[in-house]
Amino acid sequence: MKALDRGQRDTIAITLNGKARTGACDNRTLLADFLRHELGATGTHVGCEHGVCGACTVQVEGVAVRSCMMLAVQAEGLNVDTVEGLARKHARDAAVHAAHGTNATNTTNATNASNVADAMGDLQAAFKRNHALQCGFCTSGILMTCDDFLARVPDPTEQQVRETLSGHLCRCTGYTNIVRAVMETARDRLARPRLAGGDANA
C-alpha cells in the first residue's frame, strides 16, 4: 500500500474487471469513490458509508468487501471486480464451454460468446427471472456477495444463503425472491456437464 502525505494525490493502479486501470486519489479517498468517480464503475453504489447496508460491496482478490470501508490506496496492485465484471465473466465462461466442442458451430459460438460484453451472468439472469430486485440500489452489492459466496459454497442450504444476505439491507423485495434466485443459480451450476479435468463451475 502506498503511503501518501495529507493532501497529496498519487496515481493508483489496479486491475478492474480484468483490465489494467489507473486513477488519481489522495490518502483519504475511499475505494467506492475511486471506482465511481475516477474509473467510472458506477455500478458500485454508496449507501450508508459505514459498512452496514452492503450496497457498495465489490470483490478484492475474489473476496467480497465493503468498498466504503477500504481506502483506494489499499487496493494498489490488486484485482478488483465490480458488478460490471459479472457479465464479462459470464461471457468468458460461455466461451470456455463452447470452445470444448469440435465443430464449426461451437467455434462460432465461442467467438460470439467472447464478444458479448453486455450479456448477463447466470446469477444476474436468475435475479431477473425471479424478480429479485425492484429499485435495484442494493442489487449490485448483493450480486457481488452472492457470487463470492457461491464460489466458496457451491451447494448451499437456504439457511446459508439467508445468513449470507444478512449483511445486506433491501427495503423492496423482502429477500424471498433473492434467496430463490441464489438457490436456483447454485442448482443450475451443479447441473452443468462437467468439463474434462474440471468441475461444474469451470
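The largest nonpolar core in this predicted model has 23 residues. Those with the most contacts inside this core include Leu 123, Phe 127, Ile 142 and Val 161, and Leu 165, Ile 178 and Val 182 belong to that group too. Four helices, H4, H5, H6 and H7, each give two or more residues to the core. You can find them in the structure with this table.

| Helix | Residues |
|---|---|
| H4 | 122-129 |
| H5 | 139-152 |
| H6 | 158-165 |
| H7 | 176-191 |

Let's look at H4. Here Leu 123, Gln 124, Ala 125, Ala 126 and Phe 127 are buried. After H4 comes His 131, with a positive phi near 50 degrees.

Now turn to Ile 178, whose place is in helix H7. Is Ile 178 buried or exposed? Ile 178 is buried, because its relative accessible area is 0%, and buried means under 20%. Leaving aside residues up to four places away in sequence, Ile 178 touches Phe 127, Ala 132, Ile 142, Leu 165, Cys 170 and Thr 173. Take one of these partners, Leu 165: along the chain, Leu 165 and Ile 178 are 13 residues apart, and 8.8 Å separates their C-alpha atoms.

Which residues does Val 182 touch, if we again set aside residues up to four places away in sequence? The partners of Val 182 are Leu 123, Phe 127, Cys 146, Leu 150 and Val 161.

Methods: Residues numbered from 1 in each chain as written. Predicted model: local features only at pLDDT ≥ 70, side-chain atom pairs only at ≥ 80, totals over all residues. Heavy atoms only, no water. Core = buried A, V, L, I, M, F, W, Y, C linked by side-chain atoms within 4.5 Å. Buried < 20%, exposed > 50% of the residue type's maximum accessible area, 1.4 Å probe, protein only. Contact = heavy atoms within 4.5 Å.
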